[in-house]
4 protein chains.
Amino acid sequence: MNFKAIIEEIYQKIKVVEDKGELASYIPELAYVDSENFGIHISTLEQGNFGIGNYTDKFSIQSISKVLSLALAYRMLGEKIWKRLGVEPSGTPFNSLVQLEVDNGIPRNPFINAGAIVISDILISHLENPKDDFLAFVRSLSNNSELNYSHEVAASEKEIGFRNVALCNFIKSFGNIENDPTEVLDFYFDLCSLEMNCQELSEAFLFFANNGRRTVDNLSILTKSQAKRINALMQTCGFYDESGEFAFKVGLPGKSGVGGGIIAVHPNQYTIAVWSPKLNKKGNSYKGMRFLEDFTTKSELSIF
Amino acid sequence: MNFKAIIEEIYQKIKVVEDKGELASYIPELAYVDSENFGIHISTLEQGNFGIGNYTDKFSIQSISKVLSLALAYRMLGEKIWKRLGVEPSGTPFNSLVQLEVDNGIPRNPFINAGAIVISDILISHLENPKDDFLAFVRSLSNNSELNYSHEVAASEKEIGFRNVALCNFIKSFGNIENDPTEVLDFYFDLCSLEMNCQELSEAFLFFANNGRRTVDNLSILTKSQAKRINALMQTCGFYDESGEFAFKVGLPGKSGVGGGIIAVHPNQYTIAVWSPKLNKKGNSYKGMRFLEDFTTKSELSIF
Amino acid sequence: MNFKAIIEEIYQKIKVVEDKGELASYIPELAYVDSENFGIHISTLEQGNFGIGNYTDKFSIQSISKVLSLALAYRMLGEKIWKRLGVEPSGTPFNSLVQLEVDNGIPRNPFINAGAIVISDILISHLENPKDDFLAFVRSLSNNSELNYSHEVAASEKEIGFRNVALCNFIKSFGNIENDPTEVLDFYFDLCSLEMNCQELSEAFLFFANNGRRTVDNLSILTKSQAKRINALMQTCGFYDESGEFAFKVGLPGKSGVGGGIIAVHPNQYTIAVWSPKLNKKGNSYKGMRFLEDFTTKSELSIF
Amino acid sequence: MNFKAIIEEIYQKIKVVEDKGELASYIPELAYVDSENFGIHISTLEQGNFGIGNYTDKFSIQSISKVLSLALAYRMLGEKIWKRLGVEPSGTPFNSLVQLEVDNGIPRNPFINAGAIVISDILISHLENPKDDFLAFVRSLSNNSELNYSHEVAASEKEIGFRNVALCNFIKSFGNIENDPTEVLDFYFDLCSLEMNCQELSEAFLFFANNGRRTVDNLSILTKSQAKRINALMQTCGFYDESGEFAFKVGLPGKSGVGGGIIAVHPNQYTIAVWSPKLNKKGNSYKGMRFLEDFTTKSELSIF
């Protein structure tokens, strides 16, 4: 059975399953999304691409952007970024401050909010025009020059983002933020507000499955080692305190966002993006998780 | 370059590197081991086997046994074991009690002590002769009917194993241990005292790389899905609070023990066992970690 | 209004109040107590004594014994006991292990279980016949040579005291228990099982209100400074994580037990013991807390 | 021996003791203070007043202001303030965020930073001109219409007060701050910057020793019960994670500040203010603690 057939079959099955998730409530703007949306897109190295459902509708990628900002910082600065954050799963929710207090302001990994805020700070220190430059980077990855931030979503999150303000200032109090917290958060909220559809997402992430090289022109975005390392990080830390569960049930590196998107990477084979807005209790797309579990089971392909 | 050449080259290099680790001190018996020991053995599905250094000398596999006891419990009882323990990285040291208090006696995963103690309790409840039956299981995996527990090491650990007594009674106080804590710990300490050499270890673990099937006779030890899931667990939780680092730098599922052994699994390809007794600060073999990092780098093969 | 009149008035009022507490369930034997019991006894330095209700019925004093065992250890060894435990409120429940992990096995204060277990260990190391000698000490304080441990309650607690076994072994793993944990716990459970009535309890504690001197013969049990210091400890740590509330609402040093007893001390004036078996959510006697709050309000006498 | 003689004797002794403390470093402005300063002032209800050393030199009272802002909020709103914060010792440092995460944004007590920030928020919501009104309140207590905030100290703390920005926004994220965090912190930093000398401080606090009544005119600032309750809070929570130690060694309700000031209250007798800028490891004045311990020992007067 090929990918297309498998995806179609599971899509039809999961589409009608009762959605036990809930729309993300903490960013007001995200609650306006139609919760019936359900889209999937796979980009493969050798078997072509395929999408189904709402795979061309844009959504707020939220935390998925953390992988892209990490990739840009890693590309620019190499291993020295790890002086400022770790590579270990946190064992705590995405916005916890407890771990930071124990570890003196060094975030456990780049995919919890604290870590992504530190990456934002690094990018601000090293990019001429952080917002434009990051956008250019993502546009180049996804072959789409129209990609953009959502000012509504960013503004909505800024308005109620007190927990992130707390995180950023807390890290700053330990000396691990160089720039003004307000500026760092302004950039961070913009990153989270990036809007992409499943097709663009799986395209943009395909270089992670291709040893760091963009498929269209074989341009090296990251070294092979760097790409593998970010894959490893997605595997161990990509789903907050459900990362172990995702590795256990799906068996692929991946990253989720509270907008209901999930990207998963099968090294040397494909990337697959799923979008369904309602979230399970751990903050990951309910149907997205279900879909991917069935997908790796049916395709009998996981990295393990 | 083939595996043999790569292993030989790295072995010679790492052998002479200054060993910055320390012998495990908390089990008196383990401190008597010659810290110069350094052995490696690879078992492959298609390219034969190869060993170098002290690969036929037995050592105390300690926490590596946690994978084997989990395999036996999983084989016997299937998914229902997960009612009693989780599959998430803990973000804390191997013997922490903090997490248990937060999670009401449900260990975060089977590879921290608390989880392995719960698995021991499950095995006692379901095996006629727990110690003999487990030994028979491991012997059948490693094709070696001489494999045995070390009574000296088990006795040595029992004598000073107050932290594990605390863990077991703490879990019992939450109702998550069925049997008498003394009996559970007696079994648990025996499991940890199992002695194997690198060759036996890589042989015994080879079914994890072979979709759950023993290579000698294709007998199914675990289902394909179960084997993959344990591989995933080794990836996310196999090295205590250095699990992320191991995924990041080595990129293979694996498990370490304070006896200085490490086993790593490359699904569909090979298993490799390394032994060097001195441990880094996180309790994992200093040279073993170094060797495996170089090995996946040189061989350009990791699961990511 | 004198003490007698105030006590009578509040007793009548609280007696008929709905008891929103619950009987302690974790020690089976304690659940057999008649929950209607309600007794009070005051012992004063200058205004005589007075009891009402079930003040001559014995009950299990449980954690109240922690003050008496501390007094004996402090009397024998002086300030050096504080090398092994602290004097700070814990901010956590009475049987938490989290704090111990953070503080490397040094209990935060002598009135949480961990601290009382360390005191038990100290007494075992320094008394010829720990159980007999401690009993003799309490008998001499309360002028009652019939006082005794309850073997049923001690046995009942031993049977299910896994959390305390965990605590003791956990502390031992840090090196802060000298004796065999089984022996320490055997003594500890006996201490907790001591049975006294309100009259005996207020008599036994009267030396804390009298600068350390037994009132019958002016014998110095503790130095003035030691007595004050234990009073201070009762104030800051006597009611687990409701200690602040008790200081705030009642304003006297005191100590409670899960048997439903509470002792409070007004330095230079009196001691008062209250007993009502049903406990509030923090594990302190529901009616006992209510009574004492009304008592210091009506009498307009607190230490603040 | 009377207070004056005792104070003189101890002052001479402690003055020459080696000061093992360190100047507060985290507010730059505070590091400019002459660390040799050492002043004491006692205000009594019946034995007159007495000062020695630098008792008329103003210093930054810092956290001591938390008692005064609590008093004003309690006076205005009564018991309902306790819906928004607790009365329990925290068992953690003054600026910890861990406890807030566990308790969903309800600070453990009003004397840790988190609690004082909530009190500031309450005052902003209920005062017409918060800064002026609070200043008027403190001036009326200390009989000194010149008392004022230090704009230098407030500005200095604002500049580096990232941890407090984190705390305030963290609490806001739980919904327990009503006003704009920037406004709340601006007020909070001003409160901390209040400058008083030992004489003014002991005068201002005298109503706590006088059942809530100002001594000059018997005006009721707080009810008797309220005054007692704040005394109880100072006893259990006034010295961060050294509160138990202070109760144990000094035996009086009190409050310290990182400016090196300590106020202690002996209900129905006196208040005493001590100032010496160098702090011990817990953030309390090294010589101030030493002085007060000797003072209650020599005077043989504590509340216990």
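Reply: Start with what contact means here. Two residues are in contact if their C-beta atoms, placed from the backbone, lie within 7 Å. The model is predicted.

By that cut-off, twelve residues of chain A are in contact with twelve residues of chain D. Two elements of chain A give two or more residues to this side: helix 3 (98-102) and helix 7 (162-173). Helix 7 of chain A gives the most, with eight residues. By type, the side of chain A that touches chain D divides into six nonpolar, three polar and three charged residues.

Now turn to chain B. Here 28 residues of chain A are in contact with 28 residues of chain B. Helix 11 (224-237) and helix 12 (243-249) of chain A are the elements that give two or more residues to this side. The largest share is from helix 11 of chain A, at eight residues. The side of chain A that touches chain B holds eleven nonpolar, eleven polar and six charged residues.

How do chains A and B relate?

Two other pairs of chains do not touch. Chain B and chain D do not touch either, and their nearest C-alpha atoms are 10 Å apart.

Next, the strands. Begin in chain A. Strand 1 (residues 39-44) and strand 2 (residues 49-53) of chain A run antiparallel, joined by five bridges. Within this pair, I40(A) stands opposite I52(A) of strand 2. The two strands form a hairpin with four residues between them. G48(A) takes a positive phi near 75° in that hairpin.

Move to chain D, the partner of chain A in the twelve-residue contact. One open sheet of chain D has five strands in the order 2-1-8-7-6, with antiparallel pairing. Strand 2 (49-53) and strand 6 (254-256) of chain D stand at its edges. Each has a single partner strand, so one side of each is left without a neighbour in the sheet. From one strand to the next, the twist averages 5°.

Look inside that order. Strand 1 (residues 39-44) of chain D runs antiparallel to strand 8 (residues 270-275) of chain D, and six bridges join them. The bridge partner of I42(D) is I272(D), in strand 8 of chain D.

Chain D also has an open sheet of three strands. Its order is 3-5-4, again with antiparallel pairing. The edge strands are strand 3 (59-60) and strand 4 (148-149) of chain D, and each pairs on one side only. Strand 3 of chain D is joined by two bridges to strand 5 (residues 194-196) of chain D, and the two run antiparallel. F59(D) has M196(D), in strand 5 of chain D, as its bridge partner.

Back to the contacts, in brief. Toward chain D, helix 7 of chain A gives the most. Toward chain B, the largest share comes from helix 11 of chain A.

How values were computed. Residues numbered from 1 in each chain as written. Chains lettered and ligands numbered in written order. Predicted model: local features only at pLDDT ≥ 70, side-chain atom pairs only at ≥ 80, totals over all residues. Nonpolar A, V, L, I, M, F, W, Y, C, P; charged D, E, K, R; others polar. Pairing = 2+ DSSP bridges. Axes fitted to C-alpha atoms, helices over the stretch in contact; angles between N-to-C directions.
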